[in-house]
Amino acid sequence: MTVDALRVVSPGPLSTIQDLGRPGYQRFGVSVSGAADRYALRLGNLLVGNDQRGAAIEVTIGGAEFEFTSPAIFAITGADLSPTLNGAPIALWETVSAAVGDRLSLMSPAGPDSGLRAYVNVSGGFDTPPVLGSRSTHVGARLGGIQGRALEADDEIPIGPVTNPVLPGRRVPRDLLPHYGGDIVARVVPGPQDDLFDSDATATFYDSAYTVSDKSDRMGCRLEGPEVPAIDGAHDIVSDGVLSGAIQIPGDSQPIILLADRQTTGGYAKIGVIASVDLALVAQASPGATVRFERISAEDAAALARDRMATLRDISFDEPASRIIHADELRREYDLQIDGADYRVEITSGVNSGHTTARVNGIEYVVHIHPGE
Amino acid sequence: MTTGTHPEPRILICGEDALVVEFGNGIDPVTNDRVYELAAAVEAAGNTSVVELIPTYRSLLVHYNIEMSSIDDMTGFLNDLVASSTPSTDDHDNSPRRIYELPVAYGGAHGEDLNDVADHSGITADEVIAIHSGTDYRVYMLGFAPGFPYLGGMDERIATPRLASPRVRVPAGSVGIADTQTGVYPMASPGGWRLIGNTPVSLFDPDADPPVPFLPGSFIRFVPVSSEEAERIANQVADGTYRVHMTEGGG
C-alpha cells in the first residue's frame, strides 16, 4: 500500500517543512525554529481541518512545484506567490481539492506587497518524523523535516491521516486576513537592554524608517537605516537568552529582528522585542520594504496576543455552499447546493452489507466503487 | 564590560511573554551559581504557566504562557523566589558539583594543532594534555548550536589564539582552544579553534532525552584515552550502550 504523499518537483530557492517549532530544549542550545509566519500557518492548519500545530511546507519567494500522488484537500496561506493548480490560478486562504497527478506551482510574488513565504497546508498535515517533538526543519542544526535539510526534487512528503474532513471552497473570513505591506509598523516592547541606548539613539530608533536588507533570512530580518548607537559603543553584552522578535543592535548600529531560526542566546544589546501579533508582518517583509517601530507596553502586547489566540480558537470559516453535516468512518452526510438546488447526501460504507450506499434526498442508491480509478 | 554581581538582581522585561532575572554583568562562578539556583527554584515551584527557562552566564530568561499568567503575576512569582534564595557569597565551591567525564583522544589525527599549542605555550604536548585534562570546567551555559557548551576555567598557560584562517570543516567531537577558552564542537562545522583532541562521545543526540549528555550548570572533566580506547567508546556510542560517567561531590 502506498502512503499518501506530495512529491517535490522543484523546491525553488528554499522550501522546508515547518510547524509551530521545537520549544523546551533551548537550554541545550536547540533553536525553536518553526514557521516564520506563525499566523499564516495556524490559519492554514485550521482551514484544512488540522490542529493549529500541524506541519506545512514553507515556500520562500516561489519557483516551487509539487505533484499530488494521492487525492487531497489543501490550502495556500501566507504570501501570494501566484499559486496555480495544473496551470490555472487558485485562490489563497481557501481549501482546494487536488486529484492524483495534479501539479501545484508557486511561481513568484504577485507584487511588492505580497509577502515572501507561502504555506502549503494539506488535510492530515505532513507526516515527516518528529524530532524532539517537532517536524520543523532547522537546516543549520540539521534537525527535522526530511533528514534535517531543505526539500529537494523527488522528495515524497508523507501526508497524515485526515481526522477532520473539510470540503473545497472553505475560506478564511476576509477580516482575519493579514495585510503584508511594503511599509510596516511593528509595535515594540522596550527592553531588556533598552537602558544601553540614550534618549537620542532611542528617538532615532522610534522615529526612523528602516529598509529590509536582502541579507535577511529565517534567522533574522536585517535592517538598514539611521544608526542606533549604544552608550559608549557597548553593543556587545555578556550573552543572554533571546526570543523571536528580539531586536538586536550590533556594533554597526543597524537593527536585526530575530526570526524563527534564531539561536537561543545572543551577545548583542536588545533594544526591544516585537509584539507577536506584528512579527508575522516582519517575517513576510521583502527586501526593500520599510519597517517603522512604535512603542507598546508588555501588558498591551500580551492582550493583543490573547485576543488573537481567542480569535483562532473561536474561528468560523466561510463554508462552501456544500457542508459536511456528519463524518465518521462508516457514514458521511453532506448538504450540497448544485445549480441552486439543495441536496442532502448520506454515504454509508459497506462494512456489513458489502456495498456502499448513497442516499440522496431520501432515495437510496448503491454505489459501485472501481478500485484504482 | 564590567564584571561582578549586581547588589540586587534585576528583573527585566523581554517582550510580552518573558522576563529576564539578571544577577550581574560578568562571567564568574558566583553569579552563574545564582542563575542555576533560581532555575532549580522555579522548577521546584511547579508553576505551570512557566513554558521554558534559558539559563545563561549571568541571567535566567523565563518564558511564560500569557493565557495562564500576566507580567505582574510572573514578576511577583520571581521576586518571591529571588528574595527567598540566599546568595552563596562565599564558599560556593562547597556546593555539590556534578562532573561529567568526557573521554578525549589527544593529539595526532585527533588534534592536529596540539603541537602548535605546545610550541605557543613553551611546554611539551604531554604537559598541554596534563594541564587541559587537569581542570574541571564549568558549563556556564549551552548555546550557539545544539549541545555547544560555553566552558569556563581553562588554565591560561595553554591559551592560544585562533587559527588565522578557519578550517572549512572541523569534525564533530573536536576539542579546541580559542584564546583563553576551551570547547567541543557538537557537530561538524567550519571553525577556527586550535584542535587538540577529539571525544567519541556524542554531545548532541536528538533521539535521546535529554539530547545532551550533561546539564548546563554542571562541570566537564576531559579524561585522556588512547586511540584504541576512543575507538572502542565510539563503537559503544554507535550501539547506544555508552553512558557518560558522572560523579557528584564537593568542589
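## Val62(B) and the nonpolar core

Apart from neighbours within four places in sequence, Val62(B) is in contact with Ala18(B), Leu19(B), Val21(B), Val42(B), Val50(B), Leu53(B), Met74(B) and Leu78(B); contact means that the C-beta atoms of two residues, placed from the backbone, lie within 7 Å. Val62(B) is also one of the residues with the most contacts inside the largest nonpolar core, together with Val120(A) and Val282(A). That core has 157 residues. A nonpolar core is a set of buried Ala, Val, Leu, Ile, Met, Phe, Trp, Tyr and Cys residues joined through C-beta atoms within 7 Å. In soluble globular proteins, nonpolar side chains tend to be buried together.

This is a predicted model, in which local features need pLDDT of at least 70, side-chain atom pairs count only at pLDDT 80 or more, and totals for chains, interfaces and linings use all residues. Residues are numbered from 1 along each chain as its sequence is written, while chains are lettered from A and ligands numbered from 1 in the order in which they are written.

## Domains of chain B

The domain assignment, which is automatic or taken from a database, divides chain B into domain 1 (5-93) and domain 2 (96-249). Their centres, taken over C-alpha atoms, are separated by 29 Å. The contact between them takes 7 residues from domain 1 of chain B and 6 residues from domain 2 of chain B.

On the side of domain 1 of chain B that touches domain 2 of chain B, helix 1 (residues 29-45) of chain B gives the most, with 3 residues. Helices (H or I, at least four residues) and strands (E, at least two) are DSSP runs, numbered from the N terminus. By class, this side has 5 nonpolar, 2 polar and no charged residues. Ala, Val, Leu, Ile, Met, Phe, Trp, Tyr, Cys and Pro count as nonpolar, Asp, Glu, Lys and Arg as charged, and the others, Gly among them, as polar.

## Contact between chains A and B

Chain A supplies 34 residues to the contact and chain B supplies 40 residues. On the side of chain A that touches chain B, strand 15 (236-241), strand 18 (265-274) and helix 4 (298-313) of chain A each supply at least two residues. The largest share, 7 residues, comes from helix 4 of chain A. This side of chain A has 19 nonpolar, 11 polar and 4 charged residues.

## Sheets of chain A

In chain A, 6 strands form an open sheet in the order 7-6-9-4-1-11, with antiparallel pairing. Strands pair if DSSP finds at least two bridges between them. Strand 7 (88-89) and strand 11 (156-158) of chain A are the edge strands, each pairing on one side only. Strand 1 (residues 5-11) and strand 4 (residues 64-68) of chain A pair over 5 bridges in the antiparallel sense. Pro11(A) stands opposite Ala64(A) in strand 4 of chain A.

Another open sheet of chain A has 5 strands in the order 20-21-22-23-24, and the pairing is antiparallel. Strand 20 (323-327) and strand 24 (363-367) of chain A each have a single partner strand, so one side of each is left without a neighbour in the sheet. Strand 20 and strand 21 (residues 331-338) of chain A pair over 4 bridges, and Ile324(A) has Tyr334(A) in strand 21 of chain A as its bridge partner.

## Arg22(A)

Arg22(A) lies in the loop between strand 2 (14-18) and helix 1 (38-47) of chain A. Arg22(A) counts as buried because 24 C-beta neighbours lie inside 10 Å; the classes are buried at 20 or more other C-beta atoms within 10 Å, exposed at 12 or fewer, and partly exposed in between, with C-beta atoms placed from the backbone. Beyond neighbours within four places in sequence, the contacts of Arg22(A) include Val30(A), Ser33(A) and Leu132(A). The C-alpha atoms of Arg22(A) and Ser33(A) are separated by 6.4 Å, with the two residues 11 residues apart along the chain.
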